[in-house]
Amino acid sequence: MLIVALELENVKSYEHARFTFTPGVNAIVGHNGAGKSTIIEAIGFVLFDALPYTAAEFVREGAHSGLAAVTFLSAYDERPYRIERRFGASPSYAVFDEELQRRICDGKADVMAFVRRHMLTDPSVDLARLFTDALGVAQGALTSAFLEAPAQRKKIFDALLQVDDYSAASEKLREPQRLLKDQIVEADRTLAAFAARLEQLAPLQQAIAQRAQEIEELNISLARLEHAIEQNQQQLSLLEIQKATIDALTTQVARIEQTAQTFIAQQERAQQALAEAERAAAVVTANLAGHDAYLAAQQRQALLQERVRQRQMLLNQQAQIDKEIALSAARCAQIEHELAEVAAAEALMRELADAVRQQSVLEERVVILERAQSRLTELDRRTATLETSREKLAQRLDVIRAGRERALVVEAQEKEATQRLEELRIGLEQMREQVVWLRSELATVEEQSAALQDIAAAVCPVCEQPLTAEHRAEMLTRNQERLVALRRQSEEQQTVLSEQERAITALETERTQLQREWNKLPRETEEIEAAAGLAETERELAALGAERRQLAAEIADLLPLRRALADLNDPRSRSLVASSRAAQRPTLEAQLAAEQQRQREAQIRSAAVEESLRAIGDLDGDLQENAAALREHNPAYQAVLSNRQIAESLSHRRSELAEVEAARQRTTAELAAMRVELEYAAKQFDLLHYQQLLLDDRKMREELGGLSAKLTLMRKLQAEDETHLQALRDEESRKQALEAERQHLAAKEQALEAIRSIIRQAGPYVTEAIVRRVSEGAATIFGELMQDHRRVLCWEMDYGVTLTTDGVVRSFRQLSGGEQMSAALAVRLALVREMSNVNVAFFDEPTANLDSVRRELLVQQIMTVRGFNQLFVISHDDTFEQATQNLIRVKRHGSTTIVGDVTE
């Protein structure tokens, strides 16, 4: 894998920055606090999901969200990809194909899987821990893990090497094993329940067989009873046929008797209706002549009413025409009056023509001068504004110039404070290194003293010579004096160190205050802009003054012109009113001609209506004569109307009476014959025998119902027992299957216990193998770093580091600062090679706590490390500038980090 570029947006002290990286060594240099470590943290956050604090704390102060994007060449397919991670508000995490310009995947799980595949890293590797504890160890923490106690080292490196996964796996298998045991116990409990229920199987089979015999006997009894009921039913059927015949004949006799009574009543009503029709026919014959005369008078009345309606319509038309003639005459008079007003308006227009022309000339001149007056007012307002602005600009320029002088002083003070701070920090690092060395020496001497006090020791732990009592006492005395001196020196050094730290803190506070003051002071561009603005304002004021003098001379004639215009009394408006009135002449003349034409047409229609009225004549006499005729013949007309319908039914009434008399005679004959037939059928029917058969049938059917109900109940019980029997047989089958399953579970539980035992025993062997491979790789890298393969580095099983030189073994605490740094680098680089295929490494301030000679030596050693395509080194000094393939400078300017030029 090769990291190509990094882009930051609103990340800690970066507003926006882009970094490009090359194969080989990429050195990132800048003062402390400039933002160097942020670059490594961003790469770790995007590629390894590793961040030493929350994502919200990674966002630049004042921003809502930040963005970090890494472009890299894949070790899987050697193609470029870009991973973008937005954090803070609206977080997102996505991978883009740079060549295809499309999104490949998003979401933390998918992105991490993509990174593992393209780094050629095992899916089980914890990328965040790999970065934190091996690839990108934080500043100052490179050697700290090896100075910890064995228990703490085990906690750190067990998780990194994933050797604690064996014990974790063994513990994870404990739950499945417990589950299997629970399943076996549950199977035993279920088998016991099965055995208890299956005890009912034999008694149930015996009860089913006995009930089957009883059901068979009931079926035989039911068959005999059903046969007896069938025979009894046949006799009943014959008697019921005879009874049905008698009942039918009885019903017919009763019906015919009712019909005969009905015909008697119909005959009486028919005779009455015939008499009524004969009386009505006599009345109609007597009044027929008067009825016809009344109808003739009604026809004459309809004709007379039509003539009355025509006369009223003509009278209405005459009234409407008279109204139209009167209105038309009034409109003609109004139009003639308006035409006289038009003539007067035309004369007024001719009188005002000269005055209108004079008004137009005066108004044009007044408009021009009023515009000049408005411009003059605007110039006065603009001039006042510019004069105020000129005063403010002059005051601001004075303030800026004073601030610029102060900025030069503050900048010099800040540079001086920065230089002093760097000197103090270098001294502080040297003091800390001395303190660490003193502590290491103390620990070494204490270990030697403890070894000397061991009476079983036969060899001196210092000179490796035979240990006599005198030599032991001498060495203990010397070590005690050495311990006192070292402790006193350590306390003195710690006191000086505390004073130096306080001095650095005070100086940092002073420098921060100077930086804040410098950030608030004006820049040179502000002075240039203020001076330019003042000059531009003065030029504009001069131009406005010249224009104002010219306009003041022009508007002197404005007042006389306004007076002359007022004296004219606005002739244009009066002329426009007159013109509007005169324009109505064609319309009024057309209206007058049309109205006169309508008046003449109305007079013609009035004459025609009068002629039609004379043709109608006098209707009142004819109406009175016809009304008398209607009154005279109305009684005869009403008598005919009341009796005509009944009279017309006379022939129908006679026929109806003849039909009713014939039907009555036929019904009487039929009734006599039916009574004879009924008497014969009644003699043939045996009522007592029929009633006995019915009684026998009811008793046998009741007995049949009882037997059927008993048989149904027994069949239901039999079905329930058979179902229960089948269920018990099914349970017997399930019991057999469960017994087999229980044996299988027991075998699985035994196998799982064996697997857990193997895993528990494998953990230490795997750890030993991994540590041995890492130790061998670290020894090789350490020899390359130190350019000395005679000294053998070893990473022990307790994760401690020892160095053997000419047969003498020294612990990590006994090593010098340069040896500790090289040993820590060697072990961590070997870990990276062992745990992943990632050929990229990060070093954050690897030369910390080293003097200039050791820094130069360590730089040359790091450059010679083989097996890594790309190295990232962070440094606050210029140690790496001459030995790097890619140099990136960063500088803190106020609260923002600025990226310098990148030099190949």
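In the predicted model, strand 3 (residues 24-29) and strand 13 (residues 886-893) pair in the parallel sense, with four bridges between them. Within this pairing, Val29 is placed opposite Arg889 of strand 13. Both strands belong to an open sheet of five strands with mixed pairing, arranged in the order 11-12-3-13-14. The edges of the sheet are taken by strand 11 (840-844) and strand 14 (896-899); each has a single partner strand, so one side of each lacks a neighbour in the sheet. From one strand to the next, the twist averages 20 degrees.

Helix 1 lies across strand 3, strand 11, strand 12 (870-875) and strand 13, and runs at about 145 degrees to strand 12. Glu78 is located in the loop between strand 4 (65-73) and strand 5 (80-88). Because its relative accessibility is 67%, above the 50% cut-off, Glu78 counts as exposed.

A helix-helix contact is formed by helix 7 (residues 201-453) and helix 11 (residues 571-582), which pack at an angle of about 150 degrees with their axes 7 Å apart. Since angles over 145 degrees count as roughly antiparallel, helix 7 is assigned that orientation relative to helix 11. Classified by residue type, the contact of helix 7 with helix 11 comprises ten nonpolar, four polar and seven charged residues.

Terms used:
Residues numbered from 1 in each chain as written. Predicted model: local features only at pLDDT ≥ 70, side-chain atom pairs only at ≥ 80, totals over all residues. Heavy atoms only, no water. Axes fitted to C-alpha atoms, helices over the stretch in contact; angles between N-to-C directions. Helix = DSSP H or I, 4+ residues; strand = E, 2+ residues; numbered from the N terminus. Parallel < 35°, antiparallel > 145°, perpendicular 65-115°, else oblique. Nonpolar A, V, L, I, M, F, W, Y, C, P; charged D, E, K, R; others polar. Buried < 20%, exposed > 50% of the residue type's maximum accessible area, 1.4 Å probe, protein only. Pairing = 2+ DSSP bridges. Contact = heavy atoms within 4.5 Å.
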